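Here's a quick briefing on how the parts of this assembly meet. Have a look at the structure first, then go through the points below.

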Amino acid sequence: MSQTPTHPKLDAKIPSGHISEKWTNFKSTAKLVNPNNKRKHTIIVVGTGLAGGSAAASLAELGYNVKAFCIQDSGRRAHSIAAQGGINAAKNYPNDGDSIWRLFYDTVKGGDYRAREGNVYRLAQISNNIIDQCVAQGVPFAREYSGLLGNRSFGGAQVSRTFYARGQTGQQLLLGAYQAMEKMVGAGKIQMYARHEMLDLVVADGKARGIIVRDLVTGEIERHAADAVLLCTGGYGNVYYLSTNAKNSNVTAAWRCFKRGAFFANPCFTQIHPTCIPVSGDYQSKLTLMSESLRNDGRVWVPKTIGDKRSPEQIPEAERDYYLERKYPSFGNLVPRDVASRNAKEQADGGKGVGETGMAVYLDFADSIRRLGDHTISERYGNLFQMYEKITGDDPYKVPMRIYPAVHYTMGGLWVDYHLMSTIPGLFVLGEANFSDHGANRLGASALMQGLADGYFVIPYTLGNYIANNTFPKVDESSEPFAATEAEARGRINQLLSVNGSRTVQDYHRSLGHIMWDYVGMGRTRDGLQHAITEIGKMREEYWQNLKIPGSPDTMNKSLEFAGRVADFMELGELMARDALQREESCGGHFREEYQTEEGEAKRDDENFSFAAAWEYQGEGTLPTMNKEPLTFEYVAPSQRSYK
Amino acid sequence: MSDTLMTIHLKVWRQDAPTQPGKFVQYTVPGVNPHMSFLEMFDLLNEQLSVKGDIPVEFDNDCREGICGSCSMVINGMPHGPQRGTAACQLHMRHFKDGDHIVVEPWRAAAFPMIRDLVVDRSSLDRIIAAGGYISTNTGAAPDANSLPVDKDDSDRAFDYAACIGCGACVAACPNASASLFTAAKVGHLALLPQGAPERKRRVINMVEQMEKEGFGDCSNHGECEAACPKEISISAIAMMRREYVKAVVGS
Amino acid sequence: MKEPNKLLSALTSQVGRKLLTGITGVLLVLFVISHLSGNLALLRSDPAPFNQYTQTLHSFGLLLIIVEVGLGLLILLHAYVGITIMQRKRAARKQGYDVVASKGGPSRQSLSSRTMAVTGIILLLFLVIHIVQMRFGPSISQGYSTMINGQEVRDLHRLVVEVFSNIWWVAFYVGVMIMLGFHLRHGIWSALQSLAAMKPRYSTAIYSVAFLLAVLLAVGFLILPIWIYINHRGATV
């Protein structure tokens, strides 16, 4: 195993010193920008979720001129808003033995030893500042009668370190960041560009110096110059068409940066969440997550007999298979997300799935209701039960819930160093959009933590260091790099519109989703992945010959917006399959059926695959090449996970 | 649970641009599954239109799980449709019958200028927040989170108000097109928390002023906003905003 | 925030306007209650108590006039603010909906709430007629005099009876009092919602009390012309 990256650009720039001192060391030696000079610099922030919103607000407070862009009609709507469960921090308020070290350890282990130790430790250190910051902003976290903050346990952790705001933690945190951002909009330090989509990155003299955007209302293509670009555009789960992501979540901004030279790391690492409301038909446009806290009191089962189509109450106890309790006696229904998801798929694939589509398993609360009463269950899960009933029309107090795994989060993303800078100088990537700190699997309540850590507390230091260490000759928006990049963006739009075929974007996207879910989903095989690559290749070819986009480019036109995004999703899907193919091991969310233990558990190969796979674009028609950033574990020794 | 497909007759507002006159257009959508959400029924309509080469209906939507606040349709005269506590994205077709006629219109308010079809510009709500809907805490300046205990009841009530998703249904439902519930929800959320106290007076005065500047109407206590609110925020927020306002003007 | 222009701008703000309507509204409701309680004397067949009541009011002389002018200003302020609100409402939604429906539940929207401006304007016009007809109607010099406690006073009772012997006047007054009921049905609730520190759980109770009060006041007033008409039908004018 090589200890040096296979590409000089893959220098992680981890500061020296003991792991607990690295971040402090960096902060004490980083170069600073004089307050009077900050206002001479313009920073572009793309995306206004937790990462983008918090970064835009913090940088504007420091004095930078910020231009913030989002595709929604307001900075308050980014998909961070939908996160339900909570946010982790190592506060140890419950006095149950938590510490920065433990949060660091759990995150590295939970990520199945595919994350960078230095980054994860910093994340755990910053986690406490996030809670302080959010409380000061007025985020209404749950409180005890003492008036102090409440905590709950979450996703396999042995301590209660999750702060939450009912089932709407993401919403409340995002509104905190959004309000901080609006304050700076009011102060004139942030210029907000809502309903704008980033189409390309402008690189001048080797540095990211601007972006090309499309005004989604007028269709106008605009150029925006800056001294650095922060990409906070979220994950790419919608490559599967059906996911818990919002409809507008997409990979386009990140993908166009990839094509300008930013490496894309670990694209195959996706998280499939075990408790979502199942697909009910082909018309389905998105999937809704039900918080995994439900597994605390619900029992997962399927009928013992294949093809048993009786309604659940007609299936006697003896003919039910509580397969998680049977296979994992010590963790039972509380096994980690990836294990729970894979097992549900196994049952459905084996013909024991329930419901009209057979693509679901039961999550049954009958025992808990008998034991605790309707009242307690409703206190714990009332809003979730209500949401379930709203969507399915079934009452979970009477009928077992039907659940099935769904794509939820993508751990992969643009490669960044310790400074959150990509392989293009001046292009920083924050939040879910980077390949981040979660390795091959993200723990519950850690996504919010990472987005806010990046935006509030990391980027203000690392960006300042970059600005102070570099010179920024003025680039004009009318200069050649802008003109050329804009011409390319226009060319792509014209090309899409000129196809004038007969299949709609939705139709292609749905087909792509089927391929991705079937072959690059929960269980992956060499043959399946190769099949996916071939199929996507064929689809891509057809796409450019048979796509139909109604309407014109100079108005609001969602079909056109989606056409660009789906084109990028197809290319990304292919790269995901290639990445999954090269990773001949199972780890976290990536399960290669060829690589499992005798009991059917994921089998990691630390000898050969303890690296981040950073893919490098090589031009149209040429396969991207893979570079390796080796991962070394000085502080946490990798071990095999077991939940038996 | 019947899965018989339905046929739905829609009368939808179509408008190419703010400068052009709009009109209602009738569509018949066959093959509507009762499990579909209202927006999925629109997806189906748009697929049918696209295949025919017609221009699909534009409508704002994003999370489709009732939290982002993007969706904005007045369905049979009611913002987000007939089901209480529900955004249009979580309204399901099982609440309609085969052969139903449904009228779909955009949010209508002078402060929400038309963009296209069912899409309107709600940035006026952002500007109300920018006028004071925040607590000024620069990043890094916060004391320990538990250094300031907050009464649990206050905190819970603050949450009830903070649950606002900023969709603007309150404005759309109000006979006066008032944004009082939206503004009051934020005023109430921040006024109930000790962290919000230093800016309390300035906040309510500036936000009320901005609401007026944006051209929203006055509150006449119709209470239709509370009925239309997908988060069922109580108009007690508006009463609270008025008290805050009086305190700010008189008691300074 | 203490400069006078700040207070003025506060009073003319959305919140200020609402509070002004509420405060003036509550004062007007108090007036309406006292007016009705005095007028209940008309239910008696003996004209003396009613004339005694009006005489007592007039004995206050200048004070009465001050109160009357005050009431007039109150009404004008209430109307002015109300009309401002209506104008803003029109400007706030230039294009209306094709279909309008209430979502029910906690909604307090009703015919009453939607017609506040209309019923308000009708009441204002009515007031002009009513004042001209009663306050400035035929007086002692026109022979409408009677003796109370040995003193010659205006026989307002006679005037009232004469007016309400005419079925058209009865219909007019009854019609307007129904309008008053409608105006108060939303008005009382709205004033309480604007001014009171109301917890959501009291909302329904207050809404019901407002309804009861509005009905009592409207019925109390409209019963008078009907009662008088029934008892004095055919009396000479």
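**Domains and interfaces at a glance**

Computed between C-alpha centres, domain 1 of chain A and domain 2 of chain A are 30 Å apart. Keep in mind that this is a predicted model. As for the chains, two pairs touch, and the pair with the most contacts is A and B.

**Inside chain A**

- The domain assignment puts domain 1 of chain A at 272–408 and domain 2 of chain A at 482–606.
- Where these two domains meet, domain 1 of chain A puts in six residues, and domain 2 of chain A also puts in six residues.
- On the domain 1 side, helix 9 (residues 337–349) of chain A gives the most, with four residues.
- That side of domain 1 of chain A, the one touching domain 2 of chain A, is made up of two nonpolar, one polar and three charged residues.

**Chain A against chain B**

- This contact draws 64 residues from chain A and 66 residues from chain B.
- Six helices of chain A each supply at least two residues to the side that touches chain B: helix 3 (50–62), helix 5 (117–137), helix 6 (169–186), helix 10 (366–392), helix 11 (447–469) and helix 15 (558–582).
- Helix 6 of chain A gives the most to that side, with nine residues.
- Sorted by class, the side of chain A that touches chain B holds 23 nonpolar, 26 polar and 15 charged residues.

**Chain B against chain C**

- Here 44 residues of chain B are in contact with 43 residues of chain C.
- On the chain B side, strand 5 (101–105), helix 6 (200–213), helix 7 (224–228) and helix 8 (236–250) each bring at least two residues.
- Helix 8 of chain B has the largest share of the side that touches chain C, at eight residues.
- What about chain A and chain C, and how far apart are their closest C-alpha atoms? No contact joins chain A and chain C, and those closest atoms lie 18 Å apart.

**Chain C on its own**

- Chain C has nine helices and two strands.
- Reading from the N terminus, the elements of chain C go α-α-α-α-α-α-β-β-α-α-α.
- The C-alpha trace of chain C spans about 60 × 45 × 35 Å along its principal axes.
- Chain C has 237 residues, and 30% of them count as buried.
- Take the contacts in chain C between residues at least 6 apart in sequence: 79% of them join residues at least 24 apart.

Key. Residues numbered from 1 in each chain as written. Chains lettered and ligands numbered in written order. Predicted model: local features only at pLDDT ≥ 70, side-chain atom pairs only at ≥ 80, totals over all residues. Domains from an automatic or database assignment. Contact = placed C-beta atoms within 7 Å. Nonpolar A, V, L, I, M, F, W, Y, C, P; charged D, E, K, R; others polar. Buried ≥ 20, exposed ≤ 12 C-beta atoms within 10 Å, placed from the backbone.
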